[in-house]
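Please look over the sequence and the model shown here before reading on.

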Amino acid sequence: PRLRFLCVGNYTARTLLSSFQVPVQGPQAHLRIPPKRKRSSAGGSTAASASSESMPSLRVCVVGGGARELAIARAVKRSPRCGGLVCISPAKNPAIAEICDAYLVGDANSPDAVSAFCADNKADLAFIGPEAPLAAGVVDALEAAGVGAVGPTAALTKVESSKEYCRGVMKERGVPGIPKYRAFRGTEGLKDYVEGELGGE
């Protein structure tokens, strides 16, 4: 199957393309892949294509324990590039656990907890399934620790995690079809807005 990744980290895109050989569609600008370098025999540095060098196996961490994460875990496990599979999630999924080398029931929304788990298990790459860890900044923490992460940073996740922010961006860009909306921090003025501008009762 062809996958579409719009917002992924620097290391992630190269890992997917060269190690898992996943065909990716989408704007290349979002991938932000710096050219990989290798030392030449003369001691210099030259760009190296994935096809011209051996591709080592990777230890992979799946963050989350739902059906989506089970599908991800099974796909990763089938890859010849998978050198190990671990998982951290708020509750145990037996189907994921039975194919993992290590499984931690912990706070998958905590950037520190996920980073520590990946470090303890020497994970090279993490797949973050749920939205909450993305919004919490798990990808940011993993990239800072040198671990590849499939998923957008907290700033980019905001377009999905905050409906107010999303609608604001759409309005600012002139996207058609946006329903009337207003953000409230409490109930004050809510009744007037619904009955007035929205014509409700």
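Predicted model: local features only at pLDDT ≥ 70, side-chain atom pairs only at ≥ 80, totals over all residues.

Residues are numbered from 1 along each chain as its sequence is written, and side-chain values use heavy atoms, with hydrogens and water left out.

**The buried face of H4**

- The buried residues in H4 include Val114, Ser115, Phe117 and Cys118; helices (H or I, at least four residues) and strands (E, at least two) are DSSP runs, numbered from the N terminus.
- Seen down the axis of H4, the buried residues fall within an arc of 160 degrees, so they line one face of the helix; the arc is that of the directions from the helix axis to the C-beta atoms.
- The buried residues of H4 pack against the strands S5 (58-63), S6 (82-89), S7 (102-105) and S8, and also against helix H6 (138-144).

- Asparagine 121 is placed in the loop between H4 and S8, and with a relative accessible area of 17% asparagine 121 is buried.
- When its neighbours within four places in sequence are left aside, asparagine 121 is in contact with Arg59, Val86 and Ala102, contact meaning heavy atoms within 4.5 Å.
- Lysine 122 belongs to the loop that runs between helix H4 (111-120) and strand S8 (125-128), and lysine 122 is exposed, its relative accessible area being 63%.
- The phi of lysine 122 is near 55 degrees, which is a positive value in a residue other than glycine.
- As background, most residues other than glycine have a negative phi.

**Salt bridges**

- A search of the whole structure finds 6 salt bridges, each defined as a side-chain nitrogen of Lys or Arg within 4 Å of a carboxyl oxygen of Asp or Glu.
- In one of them, the side chains of glutamate 164 and arginine 185 meet at 3.0 Å, N to O.
- Glutamate 164 lies in helix H8 (residues 163-172) and arginine 185 in the loop between H8 and helix H9 (190-195), so the pair ties together parts that are 21 residues apart in sequence.
- Glutamate 164 counts as partly exposed at 38% relative accessibility, while arginine 185 is exposed, with a relative accessible area of 70%.
- Glutamate 195 forms a salt bridge with lysine 191, with the closest N and O atoms 2.9 Å apart; both residues lie in helix H9, 4 residues apart, which is about one turn of the helix.
- Glutamate 195 is partly exposed at 36% relative accessibility, and lysine 191 is exposed at 56% relative accessible area.
- Glutamate 160 and lysine 163 also meet through their side chains in a salt bridge (3.4 Å, N to O); glutamate 160 counts as partly exposed at 42% relative accessibility, and lysine 163 is exposed with a relative accessible area of 52%.

**Confidence of the model**

- The protein chain averages a pLDDT of 79, and 72% of the residues score at least 70; pLDDT is the predictor's confidence in each residue, from 0 to 100.
- Over residues 1-53 the pLDDT is below 50, and this stretch has 92 contacts in the model beyond near neighbours in sequence.

Technical notes:
Buried < 20%, exposed > 50% of the residue type's maximum accessible area, 1.4 Å probe, protein only.
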